[in-house]
Amino acid sequence: MDYIVRATAAGERVRAFAATTRDLVEQARSIHNTSPAATAALGRLLTGAAMMGITMKGEADIMTIMVKGDGPIGGITVTADAHGNVKGYVNNPNVLLHARPDGKLDVGGAVGKGTLTVIRDLGLKEPYVGSVELATGEIGDDLTLYYSVSEQTPASVGLGVLLSRENVVEQAGGFMVQLMPDTPDEVIDVLEKNIGAVHSVTDLLKGGMTPEDILNKLLDGLEPEILDRCETKLSCNCSYDRMARALISLGREELSSLIAEGEPVELVCQFCKSKYTFSVDDLKAMLEAAG
Ligand SMILES: [Zn+2]
């Protein structure tokens, strides 16, 4: 089972999260039939979003993270709620790139240069939107930069996806460490040393470490306290009604021209690939309802 663990350390000056997300990243790979580089890019962003999502306080809060770059993947869009549910897709799932010289998948090359945007819909009139230039396109670095530029909480985000020789997801996971204001330098020094010693989250997971073990390693020497554990999974809330609303929002003119074509319309959910078919009679009923 995929899950996220939450912890504090150094007298609540440090907040930390670690996640294992192999099942949901493998499920995303299988739904979107992603190439290795696209699997890694999507899996890293899904993992980061899952951890960021559970930091939201409202039951109905929704966070969307969009990475847009000039690389061959085009873009990545991921949505998370406050309960560990995530969904996402990439614009070009077939992107093929050679591995980097160190053998890692070239996610930065697939993403290229561009921006990372975080939209938090907290049920207020206007959503909160923050945007930064991509640091490296490797996703973990970009989320780290986002926190230091857009939020008042400096953070360090590490994310990883490890594929088997058959390109199936073998390990996936990540961590996020956030500093509260006025964290003493001694604490920051210890954290920097601990984080610097972690070269790959997926290596730790492969070696048998749990997210709890990873947090204890990252927060070693700072009296870590494991708080709770939250299940995380791939979940889409699309429905016939939602898709119908999307069609209605196209406007009367567009609906009329679809009706004139005389063919049923099939819509595919970008996130989960579910298909919804609307007959010409369905479209006529929508046009009437649109008033
Ligand atoms: Zn869906």
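Reply: A residue is termed buried if 20 or more other C-beta atoms lie within 10 Å of its own, exposed if 12 or fewer, and partly exposed in between, with C-beta atoms placed from the backbone. By that criterion, 42% of the 291 residues of the protein count as buried. The model is a predicted one, in which local features need pLDDT of at least 70 and side-chain atom pairs count only at pLDDT 80 or more, while totals for chains, interfaces and linings use all residues. Residue numbers start from 1 along each chain as its sequence is written.

The protein holds ten helices and 13 strands; these are DSSP runs numbered from the N terminus, helices being H or I of at least four residues and strands E of at least two. The sheet in question is open and consists of six strands in the order β7-β6-β3-β4-β5-β11, with mixed pairing. Two strands are taken to pair if DSSP finds at least two bridges between them. At the edges stand β7 (128–133) and β11 (233–234), each of which pairs on one side only.

Within the sheet, β3 (residues 62–69) and β4 (residues 75–81) are antiparallel and share seven bridges. Val67 is placed opposite Ile76 of β4. Helix α4 (residues 140–150) packs on the sheet and touches β3, β6 (114–121) and β7, its direction making about 120 degrees with that of β7. Helix α2 (residues 36–53) lies across β3, β4 and β5 (85–90) and runs at about 30 degrees to β4. For such angles, axes are lines fitted to C-alpha atoms, for helices over the stretch in contact, and the values run from 0 to 180 degrees between N-to-C directions. Contact between two residues requires their C-beta atoms, placed from the backbone, to lie within 7 Å.

An automatic or database domain assignment supplies the domain bounds: domain 1 covers 3–234 and domain 2 covers 240–290. Their C-alpha centres lie 36 Å apart. Four residues of domain 1 are in contact with four residues of domain 2. On the domain 1 side of this contact, β5 gives the most, with three residues.

Over the protein, residues 24 or more positions apart account for 66% of the contacts with a separation of 6 or more. The C-alpha trace spans about 70 × 45 × 35 Å along its principal axes.
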